[in-house]
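Please examine the sequence and the three-dimensional model shown below before reading on.

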Amino acid sequence: MNPRDKRPGDRRSVPRPGRPAGAVWYVLAFVMVMALAQAWFLAPAGRQMSYSEFKSAVRGGQVAEVVVGEQAIRGTYNRDVNGSRNFNAARIEDPKLLEELDAAGVKYTGEFVSRWLPEVIGWVVPILLLFALWSFFFRRMGGAEGGVMSFARSKHRVFAEDDVKVSFADVAGVDEAEQELKEIVEFLQNPKKYTALGGRIPKGVLLVGPPGTGKTLLARAVAGEAKVPFFSLSGSEFVEMFVGVGAARVRDLFAQAEQKAPCIIFIDELDALGRARGANPMGSHEEREQTLNQLLAEMDGFDSRKAIIIMAATNRPEVLDPALLRPGRFDRQVLVDKPDVKGREEVLRIHTRQVKLSADVNLKIVAARTAGFAGADLANLVNEAALLAARKDKTAVEMRDFEEAIDRLIAGLEKRRVMSRKEREIVAYHESGHAIVATMLPDMDPVHKISIVQRGFGALGYTMQLPLEDRYLMQRGDLLNQLAVLLGGRTAEEIALGEISTGAQNDLLRATDIARSMVTEWGMSDALGAINYDGHKRNKFLDITLGPERGPYGEDTARLIDAEVKRIMSEAHNQARKILTAHRGDLESVTRRLLELEVMEGQELRALLGVPPPAAEPSPETTPLPSGIQ
Ligand code: ADP
Ligand code: MG
Ligand code: ZN
C-alpha cells in the first residue's frame with residue numbers, strides 16, 4: 001500500500017471511540033510482570049517451618065547456618081531433613097535468639113535488604129497510571145494516535161466521504177440554487193478547462209436559507225455529482241474548549257483536503273464559527289476568533305488552482321463576519337429557499353419513492369395544503385403519514401393519512417409560524433400591489449418575480465425587480481416612482497381589505513429613508529433648496545450609520561425637513577393609490593393567481609396585466625444581485 005493512502009482522515013485509521021488506549025494495557029502488563037518478579041525473587045525457598053520448630057532444631061544442633069532477615073529466617077541444616085537441606089521460618093521478635101544461636105554454634109549473618117523492587121513499584125506504577133489516564137482522556141477529547149501532545153489533530157473528526165451517493169435527483173424545489181451549483185460541479189469535474197486560461201476557480205460558496213430547505217443535502221449532492229471527496233464538519237465542532245484547538249483543526253482540515261483535490265470542504269452551520277468578531281459584549285471569544293482567523297487565512301492561502309471548493313451553509317447570514325463574505329472567500333452566495341407548490345410536489349415525489357401509496361393519494365393536493373413547509377418538513381410529513389397508516393394496519397398509505405399528518409405537523413409548526421389562510425391573502429394582496437405599481441409606472445426595473453413563499457429572514461413574501469442595467473444616478477422622478485412602488489404593498493392592502501397590517505414596516509422604513517435623503521442629502525426639495533443637511537456620517541466601508549448625530553441646523557429647519565419628508569411620502573402614497581384604484585380588477589386577478597402559484601414570474605404578471613415585455617430581458621448571468629422589495 002502506498003503510504004500516502006493511509007492518511008489521517010481515512011476511515012481506516014480512525015480509532016474506535018470507547019476502547020481504552022494502548023497505554024492502559026501496557027501499564028497493566030507491567031504491573032503483572034512486577035508482581036510475578038516479586039513472587040519469584042522474594043519467594044522463600046526450602047522447607048517452611050514454624051518458629052518453634054526452628055528453635056528446637058537449633059537446640060537439637062541440626063542447624064548449620066542461618067540468615068536472619070527482616071521478616072524471615074533462612075537457614076541450612078547440617079544434613080538433609082525430610083529431603084531438603086534448606087528451610088525457612090517466619091521471624092518473631094525474639095531477643096534471646098542470638099544467644100541461643102551462639103550457644104548452639106550456628107553460623108549466622110544478617111541481610112542487606114534490597115528495596116529496589118518495592119521502590120519501583122511504589123513510585124513508577126502510579127506515575128505510569130496517571131500518565132496513561134491523562135493520555136486516555138486527551139484522546140477522548142479529540143486527540144488522535146501518536147502521542148499525547150497531538151490532541152489537537154482532527155483525525156477522527158474530519159470526515160472524508162469518498163463516494164457520496166446523493167445527487168441532484170434527490171433534491172427538488174430549489175431549482176435556482178441547483179442551477180448555480182451545477183456550475184460548481186463542472187469546475188470540480190474539469191478544473192483544467194477553467195484554469196488553462198488563467199481563470200480562477202471560485203473558492204467559497206455559501207448556501208443561505210431557512211432550516212430544513214436542503215442546504216446540507218445540496219452540498220452533498222454537489223460532491224456526489226462531481227464524484228469528488230466530501231470533507232464535512234460542523235461549525236460548532238471547530239469551537240473547542242481549548243484555545244487553539246479549533247484553529248489547529250482548521251489547518252488540519254485544509255491540509256487533508258489539499259491532498260485529495262479536487263474535493264469539497266463543507267462547513268455546516270457556519271454561523272457558529274463565523275459570527276462577527278467582537279460582536280458579543282459578554283467577554284471575549286478568543287477561541288472562536290482564533291479559529292475564524294485561521295479559516296480566513298487558510299481560505300486566502302491555499303492554491304486556487306487546486307480545485308478545492310469550500311462550501312458552507314447557514315440560516316443566519318446576518319450574523320456572519322463581513323470578512324467571510326469578501327471576494328476570494330465566500331463571495332458566492334446561493335439562496336436555498338422554501339419550495340413553492342410545484343417544488344413541494346416534487347419533494348413529495350422524491351420522498352414517496354419508497355412508500356406504498358394508495359391510488360387515492362394526490363400529491364398535488366398535499367402540496368397545495370402544505371404552504372410554508374420546507375423540504376425537511378415534507379420528508380417528515382411523508383414519514384408521519386406512513387407511520388399513521390402502519391398503525392392502522394393498512395397495506396398502503398392513503399390520502400386520509402396524509403391529511404391527518406398535515407394537521408399534526410401544522411400544529412407542531414405553529415411555533416415556526418406557518419402562515420394562516422388569511423395571512424397568505426394579505427401577503428398576496430400586498431405583493432401584487434408592489435408588482436402592479438412597479439409594472440405600471442414608466443422607466444421602472446421590470447418585475448422579475450413575485451413570491452408569497454415565506455422566507456427565513458422575516459419576509460413573508462417579496463417582489464423582485466431586476467435592473468436592466470446598472471444605475472449610477474437616480475433622477476427625482478425615478479425616486480418618486482420608487483417610493484410609490486414601496487408604498488404599493490400597503491396601499492393594496494388598504495384598497496382591497498380596507499385594513500392595514502404590520503407587513504409594511506420594512507417598506508416604510510426604506511421609503512422614509514429615501515424620502516429623507518431626497519430632502520437632506522440630494523437637495524430635491526424645492527422648499528429647502530439645494531443644501532445638504534445630512535448630519536449622520538455614513539461609513540462607506542461598513543454601510544452602517546454611525547450615531548444619530550444631527551446636522552448643524554436649527555429647530556425650524558428640522559420642522560421643515562419633517563414636513564417635506566411627509567409631503568413626499570404622501571404624494572407617493574397618492575400615486576400608488578391612483579394606480580391601484582385604476583387597476584382594481586387586475587389587483588384581484590393577480591392576487592388570486594399568486595395565491596394559486598405562490599411564485600409568479602414577471603412574464604406571467606405582464607401577460608395578466610396586458611403589458612408588453614421589457615425591451616431587453618435581463619440575463620441572469622450578468623445582472624447584479626436583485627434588490628428585493630419586501
Ligand atoms: P438544511 O441543511 O437546509 O437544514 P437538510 O439538507 O439537512 O436541510 O435537510 C434535511 C432533510 O430534509 C434532507 O436530508 C432531505 O431528506 C429533506 N430535504 C430537505 N430539503 C429537501 C429538498 N429540497 N428536496 C428533497 N429533500 C429535502
Ligand atoms: Mg443542515
Ligand atoms: Zn412590501
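This is a predicted model: local features need pLDDT of at least 70, side-chain atom pairs count only at pLDDT 80 or more; totals for chains, interfaces and linings use all residues.

Residues are numbered from 1 along each chain as its sequence is written, chains are lettered from A and ligands numbered from 1 in the order in which they are written, and side-chain values use heavy atoms, with hydrogens and water left out.

The secondary structure of the chain comprises 21 helices and 17 strands; helices (H or I, at least four residues) and strands (E, at least two) are DSSP runs numbered from the N terminus. Of its 630 residues, 44% count as buried, where buried means under 20% relative accessible area, exposed over 50%, and partly exposed in between (1.4 Å probe, protein chains only). Among contacts with a separation of 6 or more, 73% are between residues 24 or more positions apart; contact means heavy atoms within 4.5 Å.

An open sheet of five strands with mixed pairing runs in the order β1-β4-β3-β2-β5; two strands pair if DSSP finds at least two bridges between them. The edges are formed by β1 (47-49) and β5 (107-109), each of which has a single partner strand, so one side of each lacks a neighbour in the sheet. From one strand to the next, the twist averages 20°. Strand β2 (residues 63-68) pairs with β5 in the parallel sense over three bridges, and Glu65 has Lys107 of β5 as its bridge partner. Helix α2 (residues 51-59) packs on this sheet and touches β1, β2, β3 (72-81) and β4 (84-90), its direction making about 100° with that of β1. Such angles run from 0 to 180 degrees between N-to-C directions, with axes fitted as lines to C-alpha atoms, for helices over the stretch in contact.

Strand β8 (residues 230-234) pairs with β9 in the parallel sense over five bridges, with Leu233 opposite Ile267. β9 also pairs with β10 in the parallel sense over five bridges, and there Ile265 has Ile310 as its bridge partner.

Helix α5 (residues 175-189) has buried residues that include Leu181, Ile184 and Leu188. Helix α9 (residues 245-260) is mostly covered, with 12 of its 16 residues buried.

Ligand 1 is surrounded by 14 residues, the closest being Ala172, Gly212, Lys215, Thr216 and His351; a residue is counted here if one of its heavy atoms lies within 4 Å. A backbone N or O atom of Gly212 lies 2.8 Å from an oxygen atom of ligand 1, and one of Leu217 lies 2.9 Å from an oxygen atom of the ligand. An N or O atom in the side chain of His351 is 2.9 Å from a nitrogen atom of ligand 1.

Finally, Ser358 lies in the loop between α12 (341-351) and α13 (363-368). Ser358 counts as buried because its relative accessibility is 19%. A polar contact of 2.6 Å joins the side chains of Ser358 and Asp360; a polar contact is a pair of N or O atoms within 3.5 Å, and within protein one must be able to donate a hydrogen and the other to accept it, with residues adjacent in sequence counting only if both atoms are side-chain atoms. Beyond its neighbours within four places in sequence, Ser358 is in contact with Ala396, Val397 and Glu398.
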